[in-house]
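Morning, everyone. Please have a look at the structure I am putting on the screen. I will walk you through a few places in it.

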Amino acid sequence: MNYSTFIQQITKEIKGRVGESARVRVDPILKINLPVLDGMTILLPGENTSPTIYLNSYYQEYLEGSSLSVIAEEILTFYREHRRACSFDLSFLSDFEQMKDQIVCRLINYEKNRSLLKSVPHRCFLDLAIVYYFQTENPPFGKSSLLVQTSHIERWGISADLLHTTAIRNTRRLCPFQITTLARLLENTLEDALKGTPEDTLAIPLFWFGHGHTPMYILTNKDMCYGAINMIFDDILYTAADQLESDFYILPSSIHECLLLPVTAWEDSESSKLQEIVSEINRDYVDSTEVLGDHIYRYTRDRHELRFEV
C-alpha cells in the first residue's frame with residue numbers, strides 16, 4: 001500500500017470508530033525545517049479544537065508490519081490523551097485589529113524552508129527569511145503560536161508591508177534583546193549542573209571554550225526563545241559592537257540565539273575554522289527543527305554592515 005492509499009484507509013478506519021457525527025480531516029502541516037507533514041484532526045460535535053496527529057510516522061509503522069487496526073487504536077489513544085473537550089471563540093483570528101499587538105517576527109533558514117515560504121508572507125535576509133507568528137496564551141493549552149500565512153493577510157485585508165512593520169514593532173516591545181557573555185549565561189542557567197559534572201555531559205557549552213580565552217557573547221532575547229531575530233536590527237548589532245569594542249563574527253547557533261565573537265580575537269587565517277564549528281554544532285548538537293544556518297557573518301560597525309564572511 002502506498003502512502004496516499006494509507007492516508008485514505010487510516011482516515012476511513014478512524015471515521016468508522018468515532019462515528020458519523022465527528023469530523024475527521026487530514027491537512028498538510030507546515031513546520032520549520034521539516035518536509036510537509038500530514039496532520040489529522042478529529043472534531044466531535046460542539047468542539048472546534050483538536051490535537052493534531054501527524055500520520056507520516058504511522059505509515060512507517062505500517063511498513064514495518066503493524067495493521068491498520070492497531071495503528072488506528074494508537075491514533076485514538078493519542079487523541080484521547082490530548083483532547084480538550086471544549087470550544088473556543090476563534091473569531092478573533094479573522095480580525096487583524098484583535099491580533100495585531102501579538103504578531104512578532106522570527107528568523108528561519110531560507111533554503112531549508114522553500115516549500116513553507118511559498119504560502120507564507122516573508123522577507124529575505126541574507127540567506128535567511130523573516131516570517132511572522134501570532135503568539136497567544138490560552139489557559140487550557142498554555143503558550144501557543146500560529147504561523148501567519150498568505151491566506152491570513154488576504155482575509156485581514158492588509159498588506160505584507162503593514163504586517164512586517166507591525167511585527168517589527170511588537171518584536172522590539174515584547175521580546176527585548178539581551179547580550180551576555182557565554183560564561184555569564186552558563187553561570188546563570190547551569191550553575192548547579194556545572195558543580196561536579198563531568199565535562200562530556202556539557203559538550204555543547206564547554207565546546208565553545210576551545211579557543212583559549214576568547215571572549216564569547218550570546219545575542220538573544222529575554223526569554224532566550226527565537227532570539228536570533230535580533231541579528232536583523234542594525235542598532236542592536238551596533239550596540240553589541242560597542243560592548244565588544246570590536247567588529248564581530250556572528251555564528252548562527254540556533255533559531256534561538258547567535259554567538260558573537262570579536263574579530264580582534266581571531267587571526268584572519270583562523271576564521272575558516274568558524275565555518276567548521278557552525279557545521280559541527282548544527283550536525284551534532286542542535287535539533288534539526290532549530291537549525292538556523294551554516295554560514296557565518298561579519299558585522300563591521302564603521303559601515304553598519306552585516307555580510308557573509310567568505
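Predicted model: local features only at pLDDT ≥ 70, side-chain atom pairs only at ≥ 80, totals over all residues.

The mean pLDDT of the protein is 87. Of its residues, 85% reach 70 or more. So how confident is the predictor over residues 197-207? There, pLDDT stays under 50. For that stretch the model has 12 contacts beyond four places in sequence.

Now the overall make-up. The protein has 310 residues, and 42% of them count as buried. Its secondary structure comes to 12 helices and 13 strands. What about contacts along the chain? Take the contacts with a separation of 6 or more: 61% of them join residues 24 or more positions apart.

Let us go to the start of the chain. M1 sits in the segment before helix 1. Is M1 buried, exposed or partly exposed? Its relative accessibility is 41%, so M1 counts as partly exposed. Which residues does M1 touch, leaving out those up to four places away in sequence? They are F6, Q9, Y59, Y62 and L68. Take Y59 from that list. M1 and Y59 are 58 residues apart in sequence. In space, their C-alpha atoms are 9.7 Å apart.

Next, a pair of helices. Two packed helices are described by the angle between their axes and by the distance between those axes. Our pair is helix 1, residues 3-18, and helix 3, residues 68-82. Their axes come within 10 Å and cross at roughly 65°. Which hand does the crossing have? Helix 1 passes helix 3 in a right-handed crossing. From helix 1, the contact is made by F6, Q9, I10, E13, I14, R17 and V18. From helix 3, the partners are L68, S69, I71, A72, E73, I75 and L76.

With a relative accessible area of 52%, R80 is exposed, because the cut-off for exposed is over 50%. R80 and S50 are 30 residues apart along the chain. Their C-alpha atoms are separated by 9.9 Å.

Now a buried asparagine. Where is N230? N230 is in the loop between strand 9, residues 217-221, and helix 11, residues 234-244. Its relative accessibility is 1%, so N230 counts as buried. Now leave aside the neighbours of N230 within four places in sequence. N230 is then in contact with F177, L219, T220, N221, I236 and L237.

On to a tyrosine. Y249 is in strand 10, residues 248-251. At 0% relative accessibility, Y249 counts as buried. Y249 and Y297 are 48 residues apart in sequence. From C-alpha to C-alpha, the two are 5.5 Å apart in space.

L126 has a phi near 55°, a positive value in a residue other than glycine. L126 is in the loop between strand 5, residues 123-125, and strand 6, residues 128-138. It is partly exposed, at 34% relative accessibility. H304 also has a positive phi, near 50°, and is likewise not a glycine. H304 is in the loop between strand 12, residues 297-300, and strand 13, residues 305-308. Its relative accessible area is 41%, so H304 is partly exposed.

Last topic: cysteines. A disulfide is a covalent bond between the sulfur atoms of two cysteines. How many disulfides does the model have? The rule asks for a pair of cysteine sulfur atoms within 2.5 Å. By this rule, the count comes to zero. Let me show you two cysteines. Is C124 buried or exposed? C124 is exposed, with a relative accessible area of 54%. C258, on the other hand, is buried, at 0%.

That is the tour. Questions, please.

Technical notes:
Residues numbered from 1 in each chain as written. Heavy atoms only, no water. Buried < 20%, exposed > 50% of the residue type's maximum accessible area, 1.4 Å probe, protein only. Helix = DSSP H or I, 4+ residues; strand = E, 2+ residues; numbered from the N terminus. Contact = heavy atoms within 4.5 Å. pLDDT = per-residue confidence, 0-100. Axes fitted to C-alpha atoms, helices over the stretch in contact; angles between N-to-C directions. Left-handed = near helix turned anticlockwise from the far one by under 90°.
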